[in-house]
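This report goes through one protein chain, part by part. The sequence and the structure come first, and the account follows.

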Amino acid sequence: MMNLESREKVVQNLKDAGCGPDIIEDFLLYFDREQKEEQITLLEKHRRELLNVVHKAEKKIYCLDYLIYQIKNEKERGI
């Protein structure tokens, strides 16, 4: 078992990574029992969820950038 300082650092890292209380609680159960495979599985699941959110946000940004580009082109052409 790891010491309290390491455990606190793990909790802070999980919070910084955007993990909610449920994920942190589940992770700490695996952490305290030193269940590495379960820790990895849980973090990989959270990572996939975050990537999905990022992908959706990037798509929205791309759409806005494209609209801005189109408007600027029309403005420059005097349309």
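## Salt bridges and their surroundings

Glutamate 49 has a relative accessible area of 38%, so this residue counts as partly exposed. The model discussed here is predicted. The side chain of glutamate 49 meets that of lysine 45 in a salt bridge, with 3.3 Å from N to O. Both residues belong to helix 3 and stand four residues apart, which means that about one helical turn separates them. Lysine 45, at 45% relative accessibility, is partly exposed.

How many salt bridges does a search of the whole structure find? The search finds two. Arginine 7 is partly exposed, with a relative accessibility of 26%. Aspartate 32 is also partly exposed, at a relative accessible area of 26%.

| Lysine 45 | Glutamate 49 | 3.3 Å |

Isoleucine 24 is a residue of helix 2. Its relative accessible area is 10%, and because buried means under 20%, isoleucine 24 counts as buried. Between the C-alpha atoms of isoleucine 24 and glutamate 49 there are 15 Å, while the two residues are 25 residues apart along the chain.

The loop between helix 2 and helix 3 contains glutamate 34. With a relative accessible area of 41%, glutamate 34 is partly exposed.

## Helix 3

Helix 3 spans residues 36-77, and leucine 64 has its place there. Leucine 50 lies in helix 3 as well. Leucine 50 is partly exposed, its relative accessible area being 34%.

Is leucine 64 buried or exposed? At 52% relative accessibility, leucine 64 is exposed, because the cut-off for that class is over 50%. Leu64 also belongs to a nonpolar patch on the surface, which it forms with Leu67, Ile68 and Ile71. Together these four residues have about 400 Å² of accessible area.

An unreviewed UniProt entry carries the annotation "coiled-coil region" for residues 33-60. In the model, the chain over residues 33-60 is 89% helix and 0% strand. The end C-alpha atoms of that stretch are 41 Å apart.

## Cysteines

The count of disulfides comes to zero. Cysteine 19 is buried, with 9% relative accessibility. Cysteine 63, by contrast, is partly exposed at 42% relative accessibility.

## Confidence

The mean pLDDT of the protein chain is 87. Of its residues, 92% reach 70 or more. Where in the protein chain is confidence lowest, and where is it highest? The lowest confidence is in helix 1, residues 4-16, with a mean of 84. The highest is in helix 2, residues 21-32, at 91.

Terms used: Residues numbered from 1 in each chain as written. Predicted model: local features only at pLDDT ≥ 70, side-chain atom pairs only at ≥ 80, totals over all residues. Heavy atoms only, no water. Patch = residues over 30% accessible without salt bridge, like charges linked within 9 Å, V, L, I, M, F, W, Y side chains within 5 Å. Areas by Shrake-Rupley, 256 points an atom, 1.4 Å probe, with all protein chains shown as cover. Helix = DSSP H or I, 4+ residues; strand = E, 2+ residues; numbered from the N terminus. Buried < 20%, exposed > 50% of the residue type's maximum accessible area, 1.4 Å probe, protein only. UniProt positions renumbered as here; feature names shortened; annotations may be inferred. Disulfide = S-S within 2.5 Å. pLDDT = per-residue confidence, 0-100.
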